[in-house]
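These are my notebook entries from an afternoon of looking things up in one structure.

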Amino acid sequence: MSVLVLAEHDNQVLKSATLNAVTAAAELGDVTILVAGKDCQGVAEAASKVAGVTKVLHAESDAYANHLAENFAALLVELASDYSHVLAPATTSGKNIMPRVAALLDVAQISEIISIESEDTFVRPIYAGNALATVKSSDAIKIITVRGTAFEAAQPEGGSAAIETISIDKDAGLSSFIGAVLTQSERPELTSARIIISGGRGMQNGDNFKILEEVADKLGAAVGASRAAVDAGFVTNDYQVGQTGKVVAPDLYIAVGISGAIQHLAGMKDSKVIVAINKDAEAPIFQIADYGVVDDLFNAIPELSAELDKALS
Amino acid sequence: MKVLVAVKRLIDYNVKIRVKPDNTGVETANVKMSMNPFDEIAVEEAVTLKEAGTVDEIVVVSLGPKACQETIRTALAMGCDRGIQVETDAELQPLAVAKLLKGIVEKESPDLIIVGKQAIDDDSSQTGQMLSALLGWSQGTFASKLELADGMTNVTREVDGGLETIKIKMPCVITTDLRLNVPRYASLPNIMKAKKKQIDVFSPDDLGVDVTPRLETLKVTEPQKRKAGAVLENVAELVDKLKNEAKVI
């Protein structure tokens, strides 16, 4: 089996979600990574060092600078016939591009797999993770997105794959990139953080997230949020953990002022240790938390901050 | 301008689903059904565009058994002009849905298609992108803002790092994210008016589409359940447990 993995990157850095997809791909066969972008030689080199990768395809074009789905899909369709499986991380970029590839190849996509049973059989969550479906594909080429939390990250160093430059330039002429407003943060990315502290509606406003950030910085944690907090405008959409936001599985997840709607639980219930801090003892979040503290978060969080100073000193 | 909106009937988002004991699927008998929440956002966006004078006509489509007409009526009550049902009791997977919608698009020639970014039952998040691909159109997925201009649409998209804006050629397919708008409730007079609006019915055969599933579901199981842990006295005890029992800090 030959497996193609679409690299997630920003033309400068190979994103860690790619490493999880490589681990899934390695279960299926020989792994080739496609790095398509603009001035992304450094990313191609980084991809060639990932353990378990046999080849890197490197495509340069203005058309690939911003991961526009129409152009990427055209490129992947041209390459796909050499592979049994084409995988991408289930990021917003992978989710945007891959169904387009599948439709152009007239095959199904298998979304957000969490386990590989065999070369054609996969497990994927449905109903916000409240059920798991085992599905078997009858298509010649399997188009797959990979849920990162279900597969360990491949080692970023240790490989020495050959880099092959490909000169396929596909500009569908349908779309162009205008600009982005990306959250700049010194903290770890939500999807790869070891510890996450998230706030919900109970935070009352955006300014109050500062007290979570203070705790986050003491723990080296990322800050997340529930949909309610994002809808209310406390924080931006990239903070959202849940069924339709980011799916995370850190070692420690601290839910603060979050009641625990099933849509939120869908995004974090595979965390190793879950802590709930909520003043409502009946909040559903306590039913899945390993440790709960029933208290007003505006008492508990400053106290947590002070206790961490003692414990971590 | 004519807009096509597609809506899916599925288990209401508030229902706690149950896996069937024989592991063939999820129990849908005697369960409250509703319109997919992301599709409500799609309907709302189309109606808002019509109220702004940008859009002249909104056609709403739903695919599936007879009961889908209820979902179409809901969309008509929110402000869509007429409905189309593609009636089938067969299991429909995203590729088949995209092909059926393409068949409708060829009959209706809309300038814009709006669908939800994902259905909250199968969580596939594929249909809009697939439809766009089959039509050879552009796509604006996970949209949180739309600005329609002359032959082009600016789409602000919710992406993992924040927001990005792209400019896409029309006709195009838009898939809606949560922050695009807040869907309205249909008023009683509008619900009454909706009963008189036209719904045309087609079959997959009428559209020449083979809907045979490409993915066979071998089994559906329940995930491992988490158990509730300990409720602690105070934060000091929490920090002690995290450090000395769970060893995560």
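**Entry 1: where the chains touch**

I began with the meeting of the two chains, and I found that 66 residues of chain B are in contact with 73 residues of chain A. I noted at once that this is a predicted model, and I kept that in mind for every entry below. Next I asked which elements of chain B each supply at least two residues of the side that touches chain A. The list I wrote down holds helix H3 (94-108), H4, E7, strand E8 (152-159), strand E9 (162-169), strand E12 (215-221), strand E13 (230-232) and helix H6 (235-244) of chain B. The largest share of that side comes from E9(B), which gives eight residues. Sorting the residues of this side of chain B by class, I got 31 nonpolar, 19 polar and 16 charged.

**Entry 2: chain B as a whole**

I then stepped back to look at chain B by itself, and I recorded six helices and 13 strands in it. Its C-alpha atoms fill a box of roughly 65 × 45 × 40 Å, taken along the principal axes. Of the 249 residues in chain B, 48% are buried. I also looked up how far apart in sequence the contacting residues lie: among contacts in chain B between residues at least 6 apart, 69% join residues at least 24 apart.

In what order do the strands of the open sheet of 10 strands run? I wrote the order as E11(A)-E9(B)-E8(B)-E7(B)-E10(B)-E6(B)-E1(B)-E4(B)-E5(B)-E11(B), and the pairing is mixed. The edges are strand E11 (175-182) of chain A and strand E11 (199-202) of chain B, each of which pairs on one side only. Ignoring direction, neighbouring strands of this sheet are turned by 30° against each other on average.

I found another pairing between the chains, in which strand E16 (residues 291-294) of chain A and E13(B) run parallel and are joined by three bridges. There A:Val293 has B:Leu232 as its bridge partner.

**Entry 3: H4 of chain B and its two helix neighbours**

For packed helices, one gives the angle between the axes and the distance between the axes. I took the pair within chain B and found that H3(B) and H4(B) pack at an angle of about 50°, with their axes 8 Å apart. H3(B) is therefore oblique to H4(B), and the crossing is right-handed. The contact includes B:Leu95, B:Ala98 and B:Leu101 of H3(B), and B:Met130 and B:Leu134 of H4(B). By class, the residues of this contact are 10 nonpolar, one polar and two charged.

How many of the 13 residues of helix H4 (residues 92-104) of chain A are buried? I wrote down 12, among them A:Asn96, A:Pro99 and A:Arg100. Just after H4(A), A:Asp106 takes a positive phi of about 55°.

Further along, strand E6 (residues 115-118) and strand E7 (residues 121-126) of chain A pair in the antiparallel sense over three bridges, and a hairpin of two residues joins them. A:Ser115 has A:Val123 in E7(A) as its bridge partner. E7(A) also pairs with strand E8 (residues 131-137) of chain A, in the antiparallel sense over six bridges, with A:Ile126 opposite A:Ala131. Four residues lie between E7(A) and E8(A) in this hairpin, and in the turn A:Tyr127 has a positive phi of about 50°.

Terms used: Residues numbered from 1 in each chain as written. Chains lettered and ligands numbered in written order. Predicted model: local features only at pLDDT ≥ 70, side-chain atom pairs only at ≥ 80, totals over all residues. Buried ≥ 20, exposed ≤ 12 C-beta atoms within 10 Å, placed from the backbone. Contact = placed C-beta atoms within 7 Å. Pairing = 2+ DSSP bridges. Axes fitted to C-alpha atoms, helices over the stretch in contact; angles between N-to-C directions. Nonpolar A, V, L, I, M, F, W, Y, C, P; charged D, E, K, R; others polar. Parallel < 35°, antiparallel > 145°, perpendicular 65-115°, else oblique. Left-handed = near helix turned anticlockwise from the far one by under 90°.
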